[in-house]
Amino acid sequence: MKGFANEMADEILAVIETRNLTYMYPGATKPAIEDVSITIERGEFAILTGPSGCGKTTLCRCFNGLIPHFYGGKLEGDVAVADLKVVEHSIYELARHVGLVFQNPENQLFALSVEKDVAFGLENLAVPREDMRKRVDWALQITGIQELSERSPHELSGGQQQRVAIACVLAMQPDVMILDEPTSFLDPAGAQKIFEVINDLNKNLGITIILVEHRLDLASKYANHVIVMDKGKVMLDDEPRRVFTSEKARLIGVGVPKATRLYQILGESGVHLGRVPVTSEEASILLREALKRD
Amino acid sequence: MIEVKDVYFTYPNGVEALRGVSLTIPDGEFMAIMGQNGAGKTTLVKHFNGLLKPARGEVVVDGVNTREVSVAQLARKVGFVFQNPDHQLFCETVEDEVAFALRNFGFEEDAIKSRVTWALNLLDVTQYRQASPFMLSGGERKRVALASVLAWDPKVVILDEPTIGQDHQQKEKLRHFIVQLNAQKKTVIIVTHDVEFVAECSPRVVLMSEGKIVADGGAEEILTNPKLVAQASIVPPQITQIFLGLSDLGLPTNVIDVHEARRILLDLMGVAS
Amino acid sequence: MSVFEGFRFRRVSSVIHRLDPRVKFFYVCILFVMAVMFSELLPLILLFFVPLPFVLVAGVQREWLRSLRGGLFLAVIIFLSNFLFTYFYRQYPKAPSASLLEYSFAMTLRFIVLVESFSIFFLTTSPDHLGLALEQSHVPYEFCFAFTTAVRFVPVLADEAQTIMDAQKARGLELERGNFMKRVRNYIPILIPLIVGAIRRSLELAEAMESRAWGASEKRTNLYVLKMKRADYSLALASVLMLIFAVYIRLFFSVPSLAMLLNV
C-alpha cells in the first residue's frame, strides 16, 4: 500500500489511469478487454502491443471516449484521462486532451486541402480565426509538412498523409496522443519518419505518447514503457528491456527486436552481455565488449 | 517460366513506372521483389497475369506473350493474392467465395467441391465453410482470400505485401506456409518491403528502385550490401546492421539470420554452440 | 466520361476563378432566368455569346467546348422533338414554316445556354471554394461537409473500383463477355466489395471526426472566409443591370424574329 503522499504524487503524474476496466461490444458474448488496470504517466512514450485481437485497439478507444459514447456496449471499471472520467465526459470534451491517430491514413483526412484538414478540429472547437491560423502553421511546421499545406490529400504518399493526420491532432494541443498502428501501410522509410516525428513530439513538446505497434524493431528504441496484451488482458506492463526478455513475451508471441533475440539466445549458450540491447547499435557495442573480454 | 524482356510501362496519369525491366523467373523459384513504395514492384507483377500490358518490350509466360491472351487465361496459371482481402470478398458464404474462381474457369461441380474442401483445409478455415466472409476477423479473411486463389492450384503464386498489418505469429505462420508452397514446386513471388521477413525466408531477391531493377541475387548478398540497400531506400535486417557495426573486428558482413549470427559469435569466443 | 470532363474543375487560377462563388452562382441564375424569359431566337443568340468572354479570360475553352459537345446529343433531341411535335400538331400537311424552324432552334439554344452557364460555373469554382460558399450561405454544416467529403473521396473510390476489378479479373472474372444479363451480373463482384468498403470507410471517417471534436460547438469557426471584393460587386451589379434590361425589353418591346428580318 502506498502512502497518501505518494498516491497524491502519482495522481498528478498519471495522465491515463484505468482500474479493472472491462468492456463488451454490443451484442458480444465475451468482453473485448478484461480487468485492465494500467497507469500511463505524463511525458511517457508507451508502446502497447500484443497479437491481433488482443484488445489493444479497443483499449485505445476507451481512452478518447469512442468507447463507450460512440460504440455503446457495456463498460465496467474506471478509466480517466487527464483527471477526467471518460464515462462522464463527451468525446468532444476529451478531444481537447487526447488525440487519436488511426491506422489508415486515407480515412482520417476529409478536407480538400491539407491545411483545412489540420484546421478541422480547431474549427469544431470554435477557435477564433487568427489563433487557428497560428496553430495550423505551427502544427504543419513541427511535422515538417509546410510545403504540402495546399495540396489535396489524395495526391500525397501514405507517409505524408500520416504526418498530416498527426498534424491534425497536434493542432488541438492534446496532453496525450494515441497512435493505432500508424505505420501499417507505410514502407520502412516512411515508418521511420513517423517514429521520428512522434519521438520529437514526446521529447521536445512533452506530449505523452501511446503507440500501438507490431514493428518493435523500429519503434522500441523510443519507448520507456511497454504494455503487452493477450486475449483482452494485460500480460506484461514494464519497461521495454524487461518485457522483451521475459518468458511470457516469448509465449505470447511478441516479435521482439532481433538484437534482443540475439542477446537471449547467446545467453542460453552461456554468453551474457552486459545489458539488454533493443537496437543494433546497442548490440554492436555490447558484443564488442564481450569479444574484447575474450 | 516467366520472361520479362525490356519492359517499359507508363500509367495513364503520366507516371513512368517501369523503365526497361528485364527478368527471368524459372519454374519453382522463390523470389522476393523489394523496394520502397513507388519503385514499380506491384506494377511489375501485374504484368505477370496480364492485368497490365507493357508499352514497350514483352512479357512471356510459359511461351505465351501476355499481349495475346486475356487476363482470365493467364490467371489460370498465375494466381495473384491482393494486399487487401476486402477487395475480393463478396459472396454469401466462404464456400462460394473459394468456388468463385473455379466456376469462372469452368471446373466440374464435383471437382469444385473437392478443391474447395482441400483449399479450406490447407488454410485452416474449414470451420468457416458456411460462414459469411464478412463476419470473419481480418486474419481469417486473409486466409479465405488466399484459399480462394490456391483453390485452382496455379503454377505461380504472387503475394502482394502479404505481411502488412500482421502480428509476429501470423507472419511466422505465413512464412512456413510460403516455404511449404515453394516446396510443392510452385513458383512463389512475394512483393514486400519487410526486410526482416525476407531475411528469415532467404529467397532470391530482386531490388527495384525508380522503375528499374538495381540488384538481383541471393538474400544474403543483396540485403547486406549497404550501397544497394541505400539505393533502394530499404534498411538492412537488424542482424546485418549489428555485424556491419563490428566489421572492423573481422566479422563476416553477409549475415542475415539470427541463429547464424549466434553460431559465428560463439565460434569466435571459443564457446561450444 | 468526356461529358464529365467538361464540368470538372482544374487547378488553374484566373480572375474568374478567384471570384466569389456566390456571385458567380447569382450570375448564372440570372442567365437562367433571362434564357427562360425569351422564346425568340435573337435574344437567345445574344445570351449564348454573353458568357464567352468569361470562358476566354478563365482559360477553360477546351473543357467548356467539351461540355457543349456533351450536351449536343440532348440538344438534337430537343430540336427534333420541338420541331416534329409542333409541325405535326400545327402545320401538317403544309410545308414547315421558317418560324417553326426558328422556334425549334430557339428552344435548343435555350438548353445550350443553360448548359454553358453551369459549365463555366463548375469549371471555374473549386469544390472547396464551393463548399465554403455553401457554408457561408448558411447551409447547415452537415450538408457542406457531406458535399466536400464526397468530392474528396471520388478519386479514392475510383481507384478502389479499379483495384477490385483487377482482383476479380485475376480470379477469372471476364467483364467483357456474355449477353447483357450476364454482363450486368458480372458487376456484382465489383459492386459488393465497393459498397462494403464504402461502409467500412464511413465508419472509420466517423471515428476520426468524433475524435477531432465533431459537434463541440453550436457555431463552428472557419479557417477561410469569403470576402466580396470589387470584382465581385461589379459582377453582381452587372448581372442585376442585365436582368433589368432584359425585363424592360420583354415588357415594352416586341422582339423581332430572325425569319422576319431576313424576309423568309
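Two strands pair if DSSP finds at least two bridges between them; helices (H or I, at least four residues) and strands (E, at least two) are DSSP runs, numbered from the N terminus. The model is predicted: local features need pLDDT of at least 70, side-chain atom pairs count only at pLDDT 80 or more, and totals for chains, interfaces and linings use all residues. Residues are numbered from 1 along each chain as its sequence is written, and chains are lettered from A and ligands numbered from 1 in the order in which they are written.

**Exercise 1.** Determine how strand 1 of chain B is joined to strand 4 of chain B.

Step 1. Strand 1 (residues 2-10) and strand 4 (residues 56-61) of chain B run antiparallel and are joined by five bridges.
Step 2. Opposite Val4(B) stands Val59(B) of strand 4.
Step 3. These strands belong to an open, antiparallel sheet of four strands, ordered 2-1-4-5 in chain B.
Step 4. Strand 2 (16-25) and strand 5 (64-65) of chain B each have a single partner strand, so one side of each edge strand lacks a neighbour in the sheet.

**Exercise 2.** Which residues of helix 4 of chain C are buried (20 or more other C-beta atoms within 10 Å of their own, C-beta atoms being placed from the backbone), and how are they arranged?

Step 1. In helix 4 (residues 41-49) of chain C, the buried residues are Leu41(C), Leu44(C) and Leu47(C).
Step 2. Viewed down the helix axis, these buried residues fall within an arc of 120 degrees (taken from the directions from the axis to the C-beta atoms), so they line one face of helix 4 of chain C.

Key. Buried ≥ 20, exposed ≤ 12 C-beta atoms within 10 Å, placed from the backbone.
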